[in-house]
Amino acid sequence: MKNIRYIFKMLPLAGLLLTSCDKFLDINTDETLKGDATMQELLPTAQFYTAEASFQQAYVACQYAQQLGSALGANGIDTYAETDNTLGWSNLYLYALPQLNAIIQKGEKEASPAYVGIAKVLTAYNLGLATVSWENVPYSQADQKNFSPAYDTQEQIYATIDKLLGEAVTELSGSTGTKPGQDDLIYQGDLGKWTRLAYSLRARYLWHGSIWNPQQAAEGALAALEKGMKGNEDDFQLQYNSKNLSPWYSKVAIPNTTGNLSVTFSNTIVDLFNGTSQGIIDPRLSKVIGLKNNQTVYSGVVPGSGSGSTVDLNNKAWHSNINSPLVMMTYSELKGIEAEARLAGNAGGGTSAAGYTAYQEMISANMKKVGVEQTDIDQFLKDARINIGASKLTAKQIVTEKFKSMLLIGDIWTDIRKYDYLDFPMPTNPNPDLQGKRIQRMKYPDSEITRNSKTVLANQKDPEVLMWLINK
């Protein structure tokens, strides 16, 4: 496997010293981190930067997908303004991927397949973040000695992701060598959960390509999810704590409560929760959507307007309080994929009993995760506007509920683009360069243009141009 320390020499990285479970995210900064860092030192740091890359991608993607809107005025990202997500690129290519590559090399040398398998799962996930953001990205020719590599196409990246996940499953089944424990910040060394995540991610990325061949994608995704997550306890997330703060809390909630506004919830997502769009109040409303001081009515910001919101992404909301995890993939999402795949595979219209059960479980699992009482879950699922029956279930109904269940998970932007942004209204003051079309991609960072301009210019496309993934 080639070295992923692409273009940039590996910068000094934070070493994580794990002295107890209670202090697993304590960070000792070592500006001269030795080149022979152990796998136990590299793994938590790679996981930390993977979560940071996920946050940066979601911060942008969820504004484009209209879960979030700018609270700064009428010139925010939610107008479909082009942005390069420089921090997300840096977290991927400066930090996460180089360390994961180092873990793979060390794990192969030391005959420790558990570490190799985990690193390959995380590499596949990070490549997924990259390609759904920028389409063609560096990987196969990325090498610290090659400062101007060609980019892999999105089609090649998806093939690489699938290959990495298949190899990871094999590695994770090995019984030899050193195994992780508390240095694994995500699953604490539970290789069964890592294996289920590998299959779950395989289902996600196979289903990304459903526009090209719905039947084949459905069959592949369904086969993978049979071995995927079994419940909320398998969710792929990094748990922060009061000493090491979740980025949704430290970078959004705290600034919002101190007058340094950034983003808030859009009216698109709030109206789905408050009953305006569906005619029924979703019991997750008060759990996941924060209210500004002295406000009692839930009203989101109109994308592109920067004003009128009574809600806030604050320390009272489930995703952005001091104890919040950074969520990257959930069992609920997997059930949503199953519901979509079974619907696509049912030639007679509507879905099967299993597909309808998956649709209901997607909703129920997410509600349980955010703390909704079972009686409220049951009442919501029995409502005629939600309980429409297997024969009437549509892709739009599934994806609408998936949109709510995947709140602040950046991959939801992939679904929104696949379904042509559903029927969401255009933002106020949309980017005129798009000429009335929807945004489809982030632009490459300026730093990348400086270092590898010829390659970037050969791959950069206008922001409204559909990605290969959905441009059949």
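Reader: Which helices make up the lining of the largest pocket, and what makes a residue part of that lining?

Author: In this predicted model, helix 4 (154-172), helix 5 (191-208) and helix 6 (214-225) each supply at least two lining residues. A residue counts as lining if it has an atom within 4 Å of a pocket point. Helix 4 gives the most, with 6 residues.

Reader: How big is that pocket, and which residues are closest to its centre?

Author: The volume is about 400 Å³. There are 18 lining residues, and Tyr-158, Tyr-205, Leu-206, Gly-209 and Gln-216 are the closest to the centre.

Reader: How does the lining divide into nonpolar, polar and charged?

Author: You get 11 nonpolar, 4 polar and 3 charged residues. Tyr counts as nonpolar here, whereas Gly goes with the polar ones.

Reader: What is the secondary structure of the protein chain, and how do you know how compact the chain is?

Author: The chain has 16 helices and 8 strands. Its radius of gyration is 21 Å, close to the 23 Å that the globule rule gives for 472 residues, so the chain is as compact as a globular protein of that length.

Technical notes
Residues are numbered from 1 along each chain as its sequence is written. This is a predicted model: local features need pLDDT of at least 70, side-chain atom pairs count only at pLDDT 80 or more; totals for chains, interfaces and linings use all residues. Side-chain values use heavy atoms; hydrogens and water are left out. On a 1 Å grid over the protein atoms alone, a cavity is a set of points where a 1.4 Å probe fits but cannot get out, and a pocket is an open set with protein on both sides within 12 Å along at least five of seven lines; lining residues have an atom within 4 Å of a point. Grid points are joined across faces, edges and corners, and a volume is the space filled by probe spheres set on the points. Helices (H or I, at least four residues) and strands (E, at least two) are DSSP runs, numbered from the N terminus. The radius of gyration is taken over C-alpha atoms; the globule rule is 2.2 Å times the number of residues to the power 0.38.
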